Amino acid sequence: MNQTEIGKFIAKCRKEKKLTQAQLAEKLNITDRAVSKWETGKSMPDSSIMLELCKILGITVNELLSGEEIDMESYEKKADENLIALKRKDENNMTKNVIISIPFSATLLIGIMVCLICNIAISGNLTWSLIPVSSIIFAWVISFPSIILGKRGIIVSLISLSVFIIPYLFLLGSLLKAKEVFSVGAAMAVVSIVFLWIIVAVFKCTRKLVALGTTFLLAIPFMIIVNVILSKMIEEPVFDVWDMLSIFMLLILAFASFICDYAKKKGLMKEDGKKD
């Protein structure tokens, strides 16, 4: 697969459909910059949106990956070549991720062994070491899917976090012999996980800068809910001056994100208009 040729082909098909880069990006719920990178050969469309992209441009996935329109005679041959190229690309990415995951896992394993050995050497049995060991294992379970699978592993990591966070907090509370760790931690964890899933959905449904601005806005009610829960559980004041300052900063960041998105969109539309 030739990314440069694929990029030129995407630009050609887009112009034939009388679409600007911004309009195509909006239809795909991605950033304008992503479309620009495709067309300049700097990156490839993600597999998750290839079908939708081809539908909009009126081409097949095989034609997209070939970077040209294909007649029926050579269609099957090109399909085989593209499938082989995609398979090789996935295999190369997986190999890189595996290479990264090995030292990462080995480092955590060494940390576990050091904690256990030191604990036994000092105390004669396992006591305090169970706390860092359980935390290291929890961190590995959450992070490993993202390391080995890349972007596709983010959702798996979030699912792992959603499933294991409550048991981990229960274990941590038992080891520390502090019920508050579980009660307060579980309440915060549930609210935080809901917030994270909402943010993931927002980033999947809209452009990055718009999603970022929306995240800053959503962080305000999230912070209020957290403060209300904490005030009831540990008798802390609902708001203080730092909370008000945080809300003000989040509003500024949200406004800046929306302004940057608008400016980028306008700039790319002008740039695209000149090219056309």
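Me: Helices (H or I, at least four residues) and strands (E, at least two) are DSSP runs, numbered from the N terminus. Where does Lys177 lie in these terms?

Reply: This is a predicted model, in which local features need pLDDT of at least 70 and side-chain atom pairs count only at pLDDT 80 or more, while totals for chains, interfaces and linings use all residues. Residues are numbered from 1 along each chain as its sequence is written, and side-chain values use heavy atoms, without hydrogens and water. Lys177 is found in the loop that joins helix H8 (153-176) to helix H9 (179-205). Its phi is near 55°, a positive value in a residue other than glycine.

Me: Is Lys177 buried or exposed?

Reply: Buried means under 20% relative accessible area, exposed over 50%, and partly exposed in between (1.4 Å probe, protein chains only). Lys177 counts as exposed because its relative accessibility is 79%.

Me: What is the phi of Lys18, and where is this residue placed?

Reply: Lys18, not a glycine, has a positive phi of about 60°. Its loop runs between helix H1 (3-16) and helix H2 (21-28). With 73% relative accessibility, Lys18 counts as exposed.

Me: How many residues does the largest nonpolar core have?

Reply: A nonpolar core is a set of buried Ala, Val, Leu, Ile, Met, Phe, Trp, Tyr and Cys residues joined through side-chain atoms within 4.5 Å. The largest one here has 21 residues, and Leu24, Trp38, Leu53 and Leu64 have the most contacts inside it. At least two residues of this core come from each of H1, H2, helix H3 (32-39), helix H4 (47-57) and helix H5 (61-66). H4 gives the largest share, six residues. Another core, of nine residues, lies apart from it and includes Phe216, Ala219, Met223 and Ala254.
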